Each structure stands twice: as structure tokens, then as C-alpha cells.
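Here is a brisk report on a single structure.

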Amino acid sequence: MKLDDLYNLSRDECFEKIKGESRSQAKRGLCIGALILALFSYGLYLWHDFEPSIVPICDFLVGCFATACIAVNNLRFLHKLDSLSSPELLLQWYKKRYTNDRKAIYFALIGGACIFNMRMWNDIIHFDWVWLVIELTFFVGLIVGLIYSYFKKYESTALDGALTRRDEEIIGRLEDLVEK
């Protein structure tokens with residue numbers, strides 16, 4: 001549908017159209033979360049022959065938890081979507097869905113960086129102080145960069161893939177609809 005056609009619709013028709021697009025985005029997020037969880041489960045099935053180590057197990061659990069949070073968040077949004085009766089409520093819940101997805105993504109990035117840096121853990125165990133200081137410097141820089149980019153809300157950063165162009169369009173149209 002062209003943008004001019006969207007502006008020719010009544011407020012209620014436009015709201016229902018945006019509600020349908022929101023439903024589509026939430027289903028997409030739910031399917032992506034379920035697919036990633038299925039891949040994690042399949043990886044665990046393939047991994048049963050190997051000797052378990054605490055570092056990969058913790059990294060695996062962080063990824064599963066973050067992905068499950070994204071899937072549950074999108075499922076909750078889908079269930080709530082039918083009961084939303086105004087553009088203001090839809091905008092509020094849409095931004096809440098985006099914010100919760102974003103938190104889960106950053107949790108996975110920071111948790112994965114902390115746990116999966118095996119060289120750093122090896123240097124801590126074997127007391128190799130020179131490499132440990134160098135790796136800790138880069139590691140702290142990575143964590144500070146992730147935290148800084150997290151607090152730059154609704155701005156496009158290289159690490160922030162939760163807000164797509166379609167999400168931006170939906171939020172923009174909802175904000176326009178609220179202002180009318």
C-alpha cells in the first residue's frame with residue numbers, strides 16, 4: 001500500500017492496518033526466536049558426545065535464556081494485541097516489545113563476551129599477567145562500548161539490530177496517528 005493511500009484511510013482503518021503490520025512483526029520475532037531455540041537444541045543434541053566444559057555450557061545457557069526471552073516477549077505482545085483499542089496503547093506496547101527485545105540482545109552479547117573469552121579465563125587460571133592485562137583492556141573496552149551503545153536509545157548503531165526499518169515505519173505512523 002502506498003503512503004498516499006494510507007493517509008486517505010480513516011483513523012480507525014489506519015489503526016487496524018498498523019495493528020496488522022504490528023502482528024506481522026511480532027510473528028516474525030516469535031518465529032526467529034523459536035528457530036534460534038531449535039538450533040540451540042539441535043546443537044545440544046549434537047554436542048552430547050563431547051566432554052562437557054563449564055564455559056560452553058554457560059555460554060549456551062545465556063544464549064538460550066536471551067532467545068527464550070525474545071520469543072516469550074513477542075508471544076505476550078501477540079496475545080495483548082487484540083485487546084489494544086487505541087493507537088496510544090499500541091504505541092506503548094510496541095515500544096515495550098522493542099525495548100525488551102533489545103535488552104535480551106544486549107544481555108546475550110555482554111554475557112557471551114564475558115563467558116566465551118576462553119583465552120582470558122585461561123590466562124587468569126595460569127597467571128599470565130602480561131596477556132591478561134592486554135586482554136582485559138580490550139575486554140573492558142568491548143563491554144563499555146556495548147553499554148554505551150545500549151543507552152543510545154532508538155538510534156541506529158552497528159550492534160543494534162532489533163529495530164528494523166519496518167519497525168521504524170510502524171512507530172512513526174503510530175506517532176503520527178496519536179498526534180491526529
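Is C69 buried, partly exposed or exposed? C69 is partly exposed, at a relative accessible area of 31%. That value belongs to a predicted model.

**Cysteines and a surface residue**

C64 is buried, because its relative accessible area of 16% falls under the 20% cut-off. F138 is exposed, because its 64% is over the 50% cut-off. The table sets out the values.

| Residue | Relative accessible area | Class |
|---|---|---|
| C64 | 16% | buried |
| C69 | 31% | partly exposed |
| F138 | 64% | exposed |

A disulfide is a covalent bond between the sulfur atoms of two cysteines. The rule asks for a pair of cysteine sulfur atoms within 2.5 Å. The count of disulfides here is zero.

**Helix α7**

Helix α7 runs over residues 165–179. Its 15 residues should span 21 Å at 1.5 Å a residue. The end C-alpha atoms of α7 lie 21 Å apart, so expectation and model agree.

Which residues of α7 are buried? They are D167, I170, I171, R173, L174 and L177. These residues sit on the same side of α7, because they cover an arc of only 165° around the axis. An α-helix has 3.6 residues a turn, so residues three or four places apart point the same way. The face of α7 turned away from the buried side carries exposed R165 and E179.

**Nonpolar patch**

V130, I134 and F138 make a nonpolar surface patch of about 320 Å². F138 belongs to helix α6, residues 129–150.

Conventions
Residues are numbered from 1 along each chain as its sequence is written. This is a predicted model: local features need pLDDT of at least 70, side-chain atom pairs count only at pLDDT 80 or more; totals for chains, interfaces and linings use all residues. Side-chain values use heavy atoms; hydrogens and water are left out. Buried means under 20% relative accessible area, exposed over 50%, partly exposed in between (1.4 Å probe, protein chains only). Helices (H or I, at least four residues) and strands (E, at least two) are DSSP runs, numbered from the N terminus. The expected span of a helix is 1.5 Å times one less than its number of residues. The arc is that of the directions from the helix axis to the C-beta atoms. Patches are made of residues with over 30% relative accessible area and no salt bridge: like charges are joined within 9 Å, nonpolar side chains (Val, Leu, Ile, Met, Phe, Trp, Tyr) within 5 Å. Accessible areas come from the Shrake-Rupley method with a 1.4 Å probe; for residues, only the protein chains shown count as cover. A salt bridge is a side-chain nitrogen of Lys or Arg within 4 Å of a carboxyl oxygen of Asp or Glu.
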